[in-house]
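Dear colleague,

Here is the structure I promised to hand over, with the sequence alongside it. My notes on what was found follow below, grouped by region so that you can read them with the structure open.

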Amino acid sequence: MLLAGGQGSRLGVLTAKMAKPAVSFGGKYRIIDFPLSNCINSGVDTVGVMTQYQPLRLNSHIGIGIAWDLDRTVGGVTILSPYERSENSEWYTGTANAIFQNIDYIDSFDPTYVLILGGDHIYKMDYELMLNYHKARKADVTMAAMPVPIEEASRFGVLVTDPDTGRIVDFEEKPAHPRSNLASMGIYIFTWSVLRDALVKNKDVPSLDFGKHVIPYCHAKGNPVYCYEYNSYWKDVGTLYSYWEANMELIDLVPVFNLYEEYWRIYTNSITNAPTYIDGGADITRSIVSEGCEIYGQVSNSVLGTNVTIGPGAVVRDSIIMADTVIGENSRVEKAIIAENCVIGKNCVLGEGEYRESTYNPKVYAADLVTVGERSVIPDGVSIGKNTAILGETVPEDYPHGRLESGDAIVKAGDVE
C-alpha cells in the first residue's frame, strides 16, 4: 500500500499543480518511480496507490502499470482515490486513515502481510529481505529505520530497541531529547490481522496516523514490534534544497545513489523521444542529459529532463531543468530548479546577487535557489536574484527595472505556498 497523496507544500511552486510523488527527478524519472520499482524488484506484484492531492499527473504517469510490469489480471497496480460513502465521507485525513478507508481492497486479496510505503522518498530497498526478517522474528509489526546523527534525531520518529533482539521497547515521535539515533523511515510491514484490528479499533481517532496512533496502540497491546535497520541510501526530498541536493548527488564522480545498476533498475513510464542533439559549439561537463534534448550552449553539473533546449550562448550550471523547457540564447542559469514546459527568454540571468531571506514564504524558500514552477514564462533580458520563486506567464512589467530581487517572488497562477 503506497501512500502517494501528499501535497508536498515545502516544494513550493513545484507542487502547485501536482502531488509531490509526481515531481520529476533525475532527468527522466518521477519520484514515485523509486518505490514502485522497489516493489517489482522485490517481487511485490500487488500495489494499491493512494492518491489525493492534484492526482491527474500522477495517475496518468502510473496508468495501468505497464512500465513496472504491474499490468496484471490478478493484483497489479490499482489507483485508490477517496470516494463517497453513505455516511462519514471524507478525504484521507492521516496515513493510517487512508489504509482504513481501503480495508475492502486489502481484504479482497486475503493477505497475510501488508507492506506500507511512502511515495515520496528516493532509495533502493529489497522489501523481501525485510519480510524475511519480519517472519523470522514472528513479528506483528516491523518498522524500517536508519541511523541518523543524534543531533538530527529529534526531527524523526525515534525507535528505542533491545540491542540483543531488535525488538522495539519504546517509540518516540520527534522527541526533544532522543534516546536513540534510529529514525523511522515510514516503511512498515504488518501482519494483516493485527493491522486490521488496530485500524478498526482506532477508526474514530482524528487524523489517524501510523507513528502517532497505530504503532503506539500495537506496542501498548504487547504485539511484537521489531526494528529492521537499513544502512544504505535513503533521501527525503521534502524541501527544495534536499530535492536539489539529491539530484546533484546523481552526477558525482562516484554517485552515492547509482541509477545505472543492472541488477536493480529504476523503471518509468517513458514516451519515445527523438535522440539527443549536441551542437558542435556545445560544451557539456558532468551532467545528466535525457533523451530528446537539443544543446547548443554550455551545461555544467546539471540534470536535464527530456526534450530540453539550451540555446546558443546559454550557460546552465548547478541546475535542474525539467522536461520540455527552453533556455533562450545567451541566458545564464545558475543553481536553479526549473519545472516542466517553461520558457526562459533570451539574455536572462537567473541566480545572481547575494542571498536574502524570502519575503514570500521563508519556511519553503530558504536556500540560494531560483525556483520556477511549470509552464512559467520569463521574458527576455531580465535578471533574477537568489532564493526567488516564479510561477506563471510573466511579462517585463512584472520586473521593476528589469530585475526580481533576491528573496522576492512572482506568483500569477493561483494560490500556492
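**The nonpolar cores**

Of the 66 residues in the largest nonpolar core, those that touch the most other members are Phe25, Met125, Ile187, Tyr243 and Ile337; a nonpolar core here is a set of buried Ala, Val, Leu, Ile, Met, Phe, Trp, Tyr and Cys residues joined through side-chain atoms within 4.5 Å, where buried means under 20% relative accessible area, exposed over 50%, and partly exposed in between, with a 1.4 Å probe and protein chains only. Helix H8 (residues 240-249) gives the most to this core, with 5 residues; helices (H or I, at least four residues) and strands (E, at least two) are DSSP runs, numbered from the N terminus. Apart from this core lies another, of 34 residues, which includes Met1, Leu182, Phe210 and Val214.

Please keep in mind that this is a predicted model, in which local features need pLDDT of at least 70 and side-chain atom pairs count only at pLDDT 80 or more, while totals for chains, interfaces and linings use all residues. Residues are numbered from 1 along each chain as its sequence is written, and side-chain values use heavy atoms, with hydrogens and water left out.

Tyr243 lies in helix H8 and, at 0% relative accessibility, counts as buried. Leaving aside neighbours within four places in sequence, Tyr243 is in contact (heavy atoms within 4.5 Å) with Leu11, Leu14, Val23, Ser24, Phe25, Val237, Ile320, Met322 and Ile337. A polar atom of the Tyr243 side chain lies 2.4 Å from the backbone oxygen of Ser24. Tyr243 and Ile122 are 121 residues apart in sequence, and their C-alpha atoms are 9.7 Å apart in space. Ile337, for its part, touches Leu14, Leu240, Tyr243, Trp244, Ile320, Met322, Leu369, Val370, Thr371 and Val372, again not counting residues up to four places away in sequence.

**Helix H5**

In helix H5 (residues 127-136), the buried residues are Tyr127, Met130, Tyr133 and His134. Seen down the axis of H5, these buried residues fall within an arc of 115°, so they line one face of the helix; the arc is that of the directions from the helix axis to the C-beta atoms. As background, an α-helix has 3.6 residues a turn, so residues three or four places apart point the same way. The buried residues of H5 pack against several elements, among them helix H1 (33-41), strand S6 (113-118) and strand S11 (182-191). At the N-terminal end, Asp126 caps H5, with a side-chain oxygen 3.0 Å from the backbone nitrogen of Glu128, and H5 is followed by Lys138, whose phi is positive, near 50°.

**A buried asparagine**

Asn102 is found in the loop between helix H3 (95-100) and helix H4 (103-107), and at 4% relative accessibility this residue counts as buried. The side chains of Asn102 and Tyr92 are joined by a polar contact of 3.0 Å, that is, a pair of N or O atoms within 3.5 Å; within protein, one must be able to donate a hydrogen and the other to accept it, and residues adjacent in sequence count only if both atoms are side-chain atoms. Not counting residues up to four places away in sequence, Asn102 touches Met1, Met50, Leu80 and Tyr92.

**Strand pairing**

An open sheet of 7 strands has the order S16-S19-S22-S25-S28-S31-S33, with parallel pairing; two strands pair if DSSP finds at least two bridges between them. Strand S16 (288-289) and strand S33 (409-411) stand at the edges, each with a single partner strand, so one side of each is left without a neighbour in the sheet. Within this order, strand S19 (residues 303-304) and strand S22 (residues 320-321) pair in the parallel sense over 2 bridges, with Ile321 as the bridge partner of Leu304.

Elsewhere, strand S4 (residues 46-50) and strand S5 (residues 76-80) pair in the parallel sense over 5 bridges, and the bridge partner of Thr46 in S5 is Gly76.

**A loop residue to look at**

Lys335 lies in the loop between S24 and strand S25 (336-338) and is partly exposed, with a relative accessible area of 22%. Its phi is near 50°, a positive value in a residue other than glycine.

With best wishes
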